[in-house]
Amino acid sequence: MNAHVKYRVGKSRAVQALIVFMAFLITVPLILIIVYIFREGITKINWTFLTRVPKPVGETGGGIANALIGSILIVLAASVIAIPIGILGGIYLSENKNTRLSYWSRLAVDVLQGVPSIVIGIVVYFWVVKPIGTFSAISGSVALAIMMLPILIRSTEETLKLIPSSLKEAGLALGLPYHRVILKVIVPCGISGILSGIMLSIARIAGETAPLLFTAFGNPYLNTNLTKPMQSLPLLIFNYATSPYDDWHDLAWGAALILLFTVLLLNIITKITSRRWNVQL
Amino acid sequence: MPTAIAAPQRVVRKKNSYGQIRAESLFRRTLVIVGVAMLLLVTGILITLIIGSIPSIKSLGIKYLWGTTWDPVNNVYGALPFLIGTLLTSFLALIMSVPFSFAIAIYLGEYNPKGWLSNFLKNMVELIAAVPSVIYGFWGLLVLVPIVRELEMKFNILPYGIGIFTSALILTIMIIPYAASLGREMIRLVPSPLKEGAYSLGATRYEVIRNVILPYTKSGLFAGVLLSLGRALGETMAVTMVIGNTSIIPTSIFAPGNTMASVIANEFTEADRTVYLSALIELGLVLFLVTVIINMIGKRIIKRFTNE
Amino acid sequence: MITFSKSFRQIAATLSLAFLAVLTLGSRVSAQDDKTLLGAGSTFIYPLFSKMFSDYNTRTGIQVNYQSIGSGGGILQLTNKTVDFGASDAPLNDEQATKIGVPVLHIPQASGAVVVTYNLPGENNNISLTPDIIADIFLGKIKTWNDPRITGINKGVTIPGLPILVAHRSDGSGTTNIFTNYLSKVSADWKAKVGNGSAVNWPSGLGGKGNEGVAGLVKQTPGAIGYVELIYALQNKMDYAKIQNKKGKFIVPSLASVTAAGNVKLPDDSKIFITDTDAADGYPIAGFTWVIIYKDQNYNGRSADRATKLLKLLWWNIHEGQAFAAPLNYAPLSKEALKTAEKILKSATYKGKAIL
């Protein structure tokens, strides 16, 4: 081979090495973060940590029970609100591909996906918090539900689009009413993709802080009443991490560990199940 | 009377076809209502933001957008420090992240599209997008900030540690997945005949990438970059924790500053004057419009690209 | 079509019912929700409040959910009627009062010290600072720690040549109000350039959220200087300065010096700034924190029961609750201040009748 070709081949190999190096570099911060949080957090988690509420500043021995329960309740309420609407929205979009309304509706869902979470927090403050007159967990759930909708709608729509229309036509031909065909034939057929969408959307909002800043507000006590302010894991991490108290830092580390691993677990489960059921998301 | 909407299997009831039609149209109407609801939701958000911004627009006018002073004491507000802060952090992050995003996209799309290593990297990238923002902020505050501080002390810059640069660093990590996954999809879509033609003419791998794949996917890659940018612009928590919360125009990349999202997060619950609160909402409106427009352009390009 | 087996359906149904039950029952159980009072505001007084309310909860079972979002936030939330009481280290200014529209009561709780805290390596606690030096540091005029003006009054202390990094509040803060009130009194330059208020246009430096944020910033940044309530510096083992007061003495912020500064006659509405005190042993940067409530508690459908609970809590705050102040280095209310506070509390009404 003449020298010029050798040069070109060499350049190609060099570029390949560079690209491979840079591509895998991204794994470094991820692993660093996971390891760091694991190391700092694992020592803080014990039974007191999980079952007590934070103590007044300066005292040791508190826990994050209020944030744990609060996060679970807020996410649960958000899911109850968002999942039915999201699935119905996805059904609507997949059944109406070309009408004028569906065009604008789809556009709206796309827009919604790009709205920064802090803006949603502002809007829900005016829609829910001010009229009710108090901060509440339910207003936080509403904000989180709004954030879940685009993911739910999009994944439901994509899943249902993959189902061959012959299935629907067969159902209709057999005389089944439209709503039965959709709800009892099509949706169960796509349940795996829809479930993946649900888990993804939950993983997305479980770690959201900004929308809760002006809605759920936080609460140093354990509270199960949705109409009152509630604490949640991301809020706790945000407030305690920026504080100067060492025991609050400890609580934040433990909370960060729990939050990080829950979110990662949800994502991994979603990947495994969607691969097994072979759904394209 | 409509019966048997959900008839239990064991009891056979006479199905009234009129009731069935009613149930069907109810269902269809519900679907349409949900479709309309989405539209109403987004318009509602826009309207709420606009109504909230009116007091500020009325008293400060358009000069608000390039005013440099944010002075709640004297009720003087100007958005420029935050516009600059947002633009600086986002574009810096974009510049730093694009090489890595493209590297990942090219690796996963061209060099190694299948196999366990490729899946591993793909999953890693998606997990990066999954980590909650507040955890990035927390980690950044306690790990990155001391490192940046050391760096600043070496170069004789004021060793704040926090500031625009640190925020941009964290943003970089956070936005890499967006351009990367989109880029990968685009690169995989390049038709094989195109590539094979180039190879058969004696091109090296690098030359095929540079001269065939990249030009072909140019607009798709650009769309991916736009999506990353849209994410960076709206990011709140991680930035708030490491940017320094200073409402003046940053004097250098290593100085503290503020972004539109972080100033809203910090000052919203205490904006005790009408114009103050309204100025913050107007920032939210600007943020909303900018992120939406950028995301829309990106999505448009993708749609056009995948339909060609 | 996927048919879910009967047992699966039963399990799914029971689980969903259980979830819904938790959601609604949770709301039902605490529906006698007047067992929780909501407050928001000053981070200055937060360490004292968190101790007081925790004790109150043990005694009476009433939960007081106090969020330290800054004095400005407290006033705003009170104006929006989303909280039962606000807490602020600065009384309502005219614009805030007009916005609220109806009369409010300011009930003094305790007074505390705003200390100038800093982060210098080595044994450097209680370095001396004069008012004009402090003003010039925060104005950005004095840029390094070993500036001759600082070393001049600190003979015998080796101060490293680090650059000075200013940390201030990024949120609306009563602590800022007290601090800038002081600076406006002692520096004409400061008064002209910056002025005083809960959120000012800082000429330089980093912003931290809450007293906690500023303390966090200073604690982590070598060479940083900031202003926080005394207890934040103490709890985090941070250094703070001796400050020269009006009478020329260098005073260390402490329970004694704050009490000396706070020993003034309160006006009937209790609104007063005690910075730059005339007291010989008084610490110059001290201030009160007030709890602010609506004078007429009958608004937004509030129950008489809730109003009574709130007033009882506040009555306890200024009496038994005061026992927690001194251990945390807050100065409890003096006897006369207490009398004024009692009178103010007694003037709260519900439907025209006094509550207490």
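Trainee: Which pattern does chain B follow, read along the sequence?
Mentor: This is a predicted model. Chain B has 0 strands and 10 helices. Read in sequence order, the pattern is therefore helix after helix: α-α-α-α-α-α-α-α-α-α.

Trainee: Is chain B a compact globule or more spread out?
Mentor: Start with the globule rule, which gives 19 Å for 308 residues. The radius of gyration of chain B is 26 Å, well over that figure. The C-alpha trace spans about 85 × 70 × 35 Å along its principal axes. The radius exceeds the rule, so chain B is more spread out.

Trainee: How is chain B divided in the domain assignment?
Mentor: The assignment gives two entries. One is domain 2 of chain B, covering 64-307. The other is domain 1 of chain B, covering 2-60.

Trainee: What distance separates the centres of domain 1 of chain B and domain 2 of chain B?
Mentor: Take the centres over C-alpha atoms. The two domains do touch: 10 residues of domain 1 of chain B are in contact with 11 residues of domain 2 of chain B. Their centres are separated by 36 Å.

Trainee: On the side of domain 1 of chain B that touches domain 2 of chain B, how many residues are nonpolar?
Mentor: Sort that side by class. Charged residues are absent, and 4 are polar. The nonpolar count is 6.

Trainee: What share of the residues in chain B is buried?
Mentor: A residue counts as buried with 20 or more other C-beta atoms within 10 Å of its own. Apply that to the 308 residues of chain B. The buried share is 52%.

How values were computed:
Residues numbered from 1 in each chain as written. Chains lettered and ligands numbered in written order. Predicted model: local features only at pLDDT ≥ 70, side-chain atom pairs only at ≥ 80, totals over all residues. Helix = DSSP H or I, 4+ residues; strand = E, 2+ residues; numbered from the N terminus. Rg over C-alpha atoms; globule rule 2.2 N^0.38 Å. Buried ≥ 20, exposed ≤ 12 C-beta atoms within 10 Å, placed from the backbone. Domains from an automatic or database assignment. Contact = placed C-beta atoms within 7 Å. Nonpolar A, V, L, I, M, F, W, Y, C, P; charged D, E, K, R; others polar.
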